[in-house]
Amino acid sequence: MIEVNGIRKRYGDFVAVDDVSFSAGAGEVIGFLGPNGAGKTTTMRILTGFLPATDGTASIAGHDIHKAPLEARRATGYLPESPPVYPEMEVRSYLTYVSKLKDVPRAKRREAVDRALERCGLTDVDRRPIGQLSKGYRQRVGIAQAIVHEPQVLILDEPTVGLDPNQILEIRELLASLAASKDGETGHTIVLSTHILAEVEALCRRVILIRQGKKVLDQPLDEITRDGGSLEAVFARLTLRGDVGDEVASGSDAETGAEG
Amino acid sequence: MRHTAAIAGRELRSYFTSPVAYAVLVLFSLLGGFFFVLQLSSFNAAVAFYQQTQQLQALESVNLNDYLIFGFYQLMWLVLLILVPGLTMGLFSSEKANGTEELLLTSPVTIWEIVLGKYLAAAAMVTILTAVLAALTGIVFFYGDPEPLQTAAGLAGVWLVGLAYAAVGSFTSSVTRSPLIAFFFSVFLLFILFMLGPAADMGMAGATGSEADGVLRVLRWLSSEGHFNELTTGLVDTRALAYFGFIIGVFLLLTKASFESVRWR
């Protein structure tokens, strides 16, 4: 579903993302971890087509992000660090607008918007201007715009940052329901960046850790925790020590990452 | 182009849910009414003066089109120089400030669809302003008999100037995330564009070399002033149309390049 081959992003002399490769199969939920400034957001921006990579290729649902950008973007839902909303717009008209941008056919638009509203628990506030909503609700609107066109791939950049514990729990449940397969269909393939390790443990099957633009870990979660190890310990070990070196623990991703 | 319509529609609605559209419309109508009455009373005073002093030749030269409507449109043109930047200042800068730039650029939408959609919304507002002007001018037709075609050409001139200003304003809005900076930058650019003509005239008076003459001719052509005057006097020629097309095209191209430039960095 997601295929990333050696993408690199350079700003002058600074290398923000350095030769990152990974793949994700259909329905897989990947925790994308790393300290601040490690290159998580840049990687996500490349995958969503906001920024071009300096080198390397990637494809979303079989569409190359550089050669077929519109198709790749159509298959992607993206929640940036801050939800991309217009404060003066009402929730419903905002989602309708997004559904037009994302090429939801006219006949299906209303249904798609209703569905996104319902899944994100926004049905009761659909006529409220987004600027009047609480931060938690605005975050839900952000997730609703990412899923309104039923994309195969969801890329979420810190979806729970700045929320209170109850809101975090709600968003986490929402994400779990998005990841779960339903009616025989596979759930969304999700790449989730976060600093909350408990969130990764609750939602993700696989963890990718990057540091200074380089991938330093790519392993199924159960392998990490099998021998009594904890994600905290691994995170600290890989991100606190000076040398990145040969710590790349390439897990069984090649096998699990079956093409969607 | 479906996206263009969606983007233009959203932009227009946001004009009317925020105070921007109302403020601009009210200001434009107030200033329009004020200058209209001013021109009208000055016209009446001129006619009365020439009649009293029996200057019949001068009296004949004072007609509704040349004296009243032309002067009125020239004043409104300067009003547009301030108000159109007010309409366009938020077009792109607020997308950057809201973070919605990321929504647009990660949607299956081309940059041209975004730029055209936003420009069309501003163009629609300019068209509404021109309609207000047409309504005011209509009053003259009730009480006098100005040339309809010449008046229409003048209105077309105002409209085209507004459209060109909107293109310049789109560009300045795309270079910053602050609407206020976009506003001052476009007023500045439009002022320069306006002053090129008079400046070139001053230069021409002093210059002797043919090279300098060529440069000044180009400057004169680039200035919006001459082309607008031609139209308001009822002279619709292709050179004026080409000029406004040129300005709109160049500034929309610049807007596209600048909005897209986040990808080049």
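**Exercise 1.** Which strands of chain A does helix α1 (residues 40–47) lie across, and at about what angle to β1(A) does it run?

*Solution.* Start with the ground rules. This is a predicted model, in which local features need pLDDT of at least 70 and side-chain atom pairs count only at pLDDT 80 or more, while totals for chains, interfaces and linings use all residues. Residues are numbered from 1 along each chain as its sequence is written, chains are lettered from A and ligands numbered from 1 in the order in which they are written, and side-chain values use heavy atoms, without hydrogens and water.

Now find the helix: α1(A) lies across β1, β2 and β4 (55–60) of chain A. Its direction makes about 120° with β1(A). Angles run from 0 to 180 degrees between N-to-C directions, with axes fitted to C-alpha atoms, for helices over the stretch in contact (heavy atoms within 4.5 Å). Helices (H or I, at least four residues) and strands (E, at least two) are DSSP runs, numbered from the N terminus.

**Exercise 2.** Work out the strand order of the open sheet in chain A, and find its edges.

*Solution.* First, the four strands follow the order β2-β1-β4-β5, with antiparallel pairing; two strands pair if DSSP finds at least two bridges between them.

Next, look at the ends: β2 (14–24) and β5 (63–64) of chain A each have a single partner strand, so one side of each has no neighbour in the sheet.

Finally, zoom in on one pair. Strand β1 (residues 2–11) of chain A is joined to β2(A) by seven bridges, and the two run antiparallel. Within β2(A), V17(A) is the bridge partner of K9(A).
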